[in-house]
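Here are some comments to read alongside the model, written for someone who is new to looking at structures.

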Amino acid sequence: MATGTKRQEQGEAAEQSAQAAPELVVKDGLTGPEAPANGREFGGDGRQNALKKYVDEEQLARGLGWFSIGLGLAELLAPRGVAKVAGMRGNTGLIRLFGLREIASGIAIFAGGRRPAGPVWSRVVGDALDLACLGAAYATPENDKARLTFATANVLAVTALDVLCARQLGADPDGAQTERGNVPVNKSIVVNASAEEVYQYWRDLENLPRFMRYLESVKVTGEGRSHWVAKAPGGSVEWDAEITEDRPNQSISWRSLEGSEVETSGTVRFEPATGGRGTVIHVKLDYNPPAGVVGALVAKLFGEDPDAQMQIDLRRFKQIVEVGEIVVSDGTLTGEGYTEQRPAQPLGVGLGAAAGQLQK
Amino acid sequence: MRANCWYGKKDVRVEQVPDPKILNKRDAIVKITSTAICGSDLHLYNGFIPTMQAGDIMGHEFMGEIVEVGPEVHDRKVGDRVVVSFPISCGKCFFCEQELFSLCENTNPNAWMAEKLFGHSPCGIYGYSHLTGGYAGGQSEYARVPFADVGTLKIPEGLDDEQVLFLSDIFPTGYMGAEMCNIQPGDTVAVWGCGPVGQFAMASAYLLGAERVIGIDRFPERLKMAREGAKADTINYEEANVYETLMELTGGRGPDACIDAVGLEAHGAGAHGFEYIYDRTKQALMMETGRPIALREAIMACRNGGTVSVIGVYGGFIDKFPMGSFMNRSLTMRTGQCHVQRYWKKLLGHIKDGDIDPSFVITHRMKLDDAAHGFDIFNNKEDDCIKVVLKP
């Protein structure tokens, strides 16, 4: 196959270049063209800290999961014992059923991912059933009222814990970022082009709105200075920025000027990919929106998942460099936002204008 | 124009929709002369592929005449008669450069969706859910073909539509299934599924030098086509134990390579009846998205050190993958959506030379307007339906 030949050629080329470089560096027992002294550690960009406050209810959920399974097993295997502790002359069949329900809740909590809000709410429903049952048990004279009260108090305490846990689990953990007033974005992509080519494209900041969907325009206003306009549903935000560092073919950094409505900074780095496979582009953005209307607009710009949106924008950049324009399909053409889809049909007359705009 | 649109589970309708337009500079518009229903369209029809939207135009096997080209189309012109490849590929990215066209990095505008499900995104595909881009499909009168220089194959005079239409998908897909088996002289290749892709996998295994090819299915008309069209031996899994029959045929060693041309909607019989009910139940409960009965059997049957080649479509997650068998016996698995553009010139050569006439799989020809009927009989295997070709 053609591919076989092509890959063989690549393989041979690689062998030849290896032969052409006879001086291998030998360091710490590693042999290679540029064996590094030690590997580097990656991951951990401070984001973990932002999520830390949520670890508590996640641990609590697991605790409740084990509690469910433990109590469920006791109810299933020793219904008489459970009835006695609760002060009831019990219907063992019903207690066994409740045991199954507890076990199911417990399993659902462990199967429900990191933040199993739904399964914990199912525990709340179960607690209500337990309470109803205990309430009914007061009506039977043979039951031990003291023990019933003790059991009811316990169930009420667990119910409170369940409600608290479920509510916290239901809260959006990404909300922490807007609460802290900071929107960090950190993404990378490989582009099949030289660092020089991609640097040149980025260095003309007026190109950025072509692939960054949240930007309406960037105008270069003077030496290293620029005026940025970002659009959001229901308004737009503007600020002035300056380039703070410019290392040709390696990196560009910029930040908003003092006193801007929006405090923002960004860095893009261009790094040769391994094996001459193009250039890796790393983008780091920070937005520190002020309070009030503008802040809300900036938060809207990035939605719930700023990293994912930047990944989409970088893919659009890659398309511009590799194939000359942004590739569109019938289904994504006029979708507002990043997730909205229209049926995969050609555009009608009324929507034709949108297609025309895209071609510009 | 008229197009066959998806509206829900087992609900497709031919509707009036707007004509396609050039949207990117390397697009062409093709006036479709023949289009087909693919077995993988049935996965959409039965609702197993997520992210379909009501109104989506279906179809990824089509051919026709170019009636309009964008300003950056250089090697095709109006009037060219072409077959369109189902993968949409840019020809410029890392993967296209390696001829891994179905992995193109630039043609899925909804790559973020696929990344959520698959970790990484494959290429865009016509009429195959929004997960693969939300491109309008080719069961219609006209279609927009992005990257026309890469995604169309010019057809020479003297070959009719039915001989070349399947270069769009199922012939190269079957061929790739066999090629991935790294067939050596003397090899025995077993193919699960005698649908159209399975037929081409069997025929291709012979083209690539296999000595013996065995097809496995349960429908007599498909097994007959395998024997007469693809010249394979056959096993009806409702009448015989597949594993034992394969061992009997290979002296207990197992086939050198096994091809899964079934995918996520496998059925089972006999000992696999329980397995089918188990998987069907889990599938219905959304606890797995595929019923990998054929795949499990292919792994268990394959000889030590052999190759399992998967060209049947899977959409998400499967259960009870026999990893112990796979690891301890040094098996190799190779898979993929077909890199059509890498194979189609060579296969066109085989058709021109008379080595194979792919039209042997066609059982039904009908008007585009009858697409819903075509889906119905194809899905229910009624009227011995194996392959439906639609004429707009």
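1. In chain A, Ala230(A) has Val237(A) of strand E6 (residues 235–247) as its bridge partner. The strand E5(A) pairs with E6(A) in the antiparallel sense over eight bridges, where two strands pair if DSSP finds at least two bridges between them, and where strands (E, at least two residues) and helices (H or I, at least four) are DSSP runs numbered from the N terminus.

2. This is a predicted model, in which local features need pLDDT of at least 70 and side-chain atom pairs count only at pLDDT 80 or more, while totals for chains, interfaces and linings use all residues. Residues are numbered from 1 along each chain as its sequence is written, and chains are lettered from A and ligands numbered from 1 in the order in which they are written.

3. Strand E4 (residues 215–222) of chain A also pairs with E5 (residues 225–232) of chain A, in the antiparallel sense and over six bridges, and Val220(A) has Ser226(A) as its bridge partner in E5(A). E4(A) and E5(A) form a hairpin with two residues between them, and Gly224(A) in the turn has a positive phi of about 70 degrees.

4. Chain B is divided into domain 1 (2–169 + 338–391) and domain 2 (172–335), with bounds that come from an automatic or database domain assignment. Between these domains of chain B, 24 residues of domain 1 are in contact with 21 residues of domain 2, contact meaning that C-beta atoms, placed from the backbone, lie within 7 Å. On the side of domain 1 of chain B that touches domain 2, H13(B) gives the most, with five residues.

Notes:
Contact = placed C-beta atoms within 7 Å.
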